[in-house]
Amino acid sequence: MPKTVSLSPRPALGTDLMASLGGLLRQWLPRQRWFAGKDRPVSELGLLSMTELFPGCLHLLVHTDPGGSAPDGDCYQLLLGVRKHLSPRLGRALIGRAEQGPLAGLTVYDALHDPRSAQLLLERLRQPGTAGPLRFECDPSVPVPAGLPPRLLDAEQSNSSLVYGDGFILKVFRRIQPGVNPDLEVPVALAGQGCRRVPAPVAWWRTTHPQEATLGVLQPYLRDASDGWALALHALASGDDFTVQAHELGRAMAEVHLSLAAAFPCGTHGDNGRTAAAMADRLDSAAHSVPALRPFVPGLRNAFGALATCDAGPPEQRVHGDLHLGQVLRAGREWFVIDFEGEPSRPLAERRTAQSPVRDIAGMLRSFDYAARQRRPWRPEWARRCREAFCGGYAALAGWDPRKKHGLLRAYETDRAVYEVLYEARHRPDWLPVPMAAIERLAVRGD
């Protein structure tokens, strides 16, 4: 008996597919880490496109409207395996057994957990071409060997990632927005500038239907690298100083910012009044969702009020958009920067616009605070020294010193902490005390 099922001879498959999958996906999607509307039931679910990627594997774009309240809903990319029977080793991937429609009697599962599907996906990336609305493209100057064993990363994140052998990593975007994803656009542009701090994409795929959108990116995998978060926690556990690494990280980030400024059009100096108003709106929205934030709203508003009256700071430019210790890797003695997707909850057009580089700096400063609070008693002095070292390293190369932009830095750090409160309340409630401690500090002491 074949392990996979050939689906292409069934002409009604596309039109009636949701009769088989609708009920299964309404139950399965809200349990996925990358699903944005997990706090509400999925009331509407529609099929935007379906492609049989290879026998037994369907590529879907589905439209969801969690709770029926989102004006436009969300689009998600799914790779679904279909078999008569699922082997025990794929138990974690099970979505369910279809009871009706064209897949009635068949078992449906997340194909990214299946090594065979993952290897066939790599083959599609190695050989540029089309499959329905899907377009597979690559950099012909970088050969990708065949037969590399795949490994799905377990880390909870906004997308899914597969490591092939020890040489490449594939990010499969889950929540799809129209346009070129910054995680493809920015590394390609930085490679064109000769910036070595970001691994350059070697292959990617996109769709032309229902709209142009990036679906996945294959990049070199830094096999011996450790991420900054793990290194910081190890230093804290060992009682080691981290200021040398933080200083070098600041220099590396300044180098990336300078390359971004050369690769993309820069804006003018920021309009602090407009930025402060947008931050205040995000604060009001977050306080509406997280009651614990409400007592601190007046104090936090002071930070945004001060931003409106301080100097404009450095010109706006393309930035990372979601910089923290988990987005940097250290291999040998060098720091590398990854994951330029930005905050996935924000519109793609917003993430691609020029913004103040202070936003990235504030993100990294918040991350040092996060790391220092992972142990009891927490280490505020450790975080303070790292913050100082990072800013010093940045200033040594960037030509301006973040420490001399207190009003800007306080406002952007406050905005970042508000984002963290909303994120943790939705996804990791146990972590909520970490950003709430920063909220209290920023609202009461303002430092």
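Asp339 is found in the loop between β16 (334–337) and α8, where helices (H or I, at least four residues) and strands (E, at least two) are DSSP runs numbered from the N terminus. Before going on, the ground rules: this is a predicted model, local features need pLDDT of at least 70, side-chain atom pairs count only at pLDDT 80 or more, and totals for chains, interfaces and linings use all residues. Residues are numbered from 1 along each chain as its sequence is written, and side-chain values use heavy atoms, with hydrogens and water left out.

Back to Asp339. Its phi is near 60°, a positive value in a residue other than glycine. Most residues other than glycine have a negative phi, and most peptide bonds are trans. Asp339 counts as partly exposed because its relative accessibility is 22%; buried means under 20% relative accessible area, exposed over 50%, and partly exposed in between, with a 1.4 Å probe and protein chains only.

The other backbone item is a peptide bond. From His209 to Pro210 the bond is cis, with omega near 5°. Pro210 sits in the loop between β12 and β13.

Now the helix packing. Two packed helices are described by the angle between their axes and the distance between the axes. Axes here are lines fitted to C-alpha atoms, for helices over the stretch in contact, and angles run from 0 to 180 degrees between N-to-C directions.

I start with α6 (272–289) and α7 (residues 297–307). Their axes come within 8 Å and cross at roughly 165°. The two are therefore roughly antiparallel to each other; the classes are roughly parallel under 35 degrees, roughly antiparallel over 145, roughly perpendicular from 65 to 115, and oblique for the rest. The crossing of α6 past α7 is right-handed, meaning that the near helix is turned clockwise from the far one by less than a right angle, with anticlockwise giving left-handed. On the α6 side, the residues that meet α7 are Asn272, Thr275, Ala276, Met279, Ala280, Leu283, Asp284 and Ala287. On the α7 side they are Val297, Leu300, Arg301, Phe304 and Leu307. Contact means heavy atoms within 4.5 Å. By class, the α6 and α7 contact divides into nine nonpolar, two polar and two charged residues. Nonpolar here covers Ala, Val, Leu, Ile, Met, Phe, Trp, Tyr, Cys and Pro, charged covers Asp, Glu, Lys and Arg, and polar covers the others, Gly among them.

Helix α7 also packs on α11 (residues 406–427), at an angle of about 140° and with the axes 8 Å apart. These two are therefore oblique to each other, and their crossing is left-handed. From α7, Gly299, Leu300, Asn302, Ala303, Phe304 and Leu307 take part, and they meet Leu408, Arg410, Ala411, Thr414, Asp415 and Val418 in α11. That contact has seven nonpolar, three polar and two charged residues.

The crossing is right-handed. Trp229, Ala232, Leu233 and Leu236 of α4 make the contact with Ser367, Tyr370, Ala371 and Ala372 of α9. By class there are seven nonpolar, one polar and no charged residues.

Which helix is largely enclosed by the rest of the structure? It is α3 (residues 182–192), because eight of its eleven residues are buried. The buried ones are Pro182, Asp183, Leu184, Glu185, Val186, Pro187, Ala189 and Leu190. Their cover includes β10 (168–172), β12, β13 (213–220), α5 (243–263) and α8 (348–351).

The structure holds eleven aromatic pairs; rings of Phe, Tyr and Trp (its six-membered ring) pair if their centres lie within 6.5 Å, with planes under 30 degrees apart counted as stacked, over 60 as edge-to-face and the rest as tilted. One of the pairs is Phe136 with Trp205, stacked at 6.1 Å centre to centre and 20° between the planes. It links distant parts of the chain, with Phe136 in strand β7 (residues 134–138) and Trp205 in strand β12 (residues 203–207), 69 residues apart. Both Phe136 and Trp205 are buried. Elsewhere, ring pairs link Trp28, Trp34, Phe35 and Tyr76 into a cluster.

Arg441, in helix α12 (residues 433–444), is buried, with a relative accessible area of 14%. Pro265, in the loop between α5 and α6, is exposed, at 68%.
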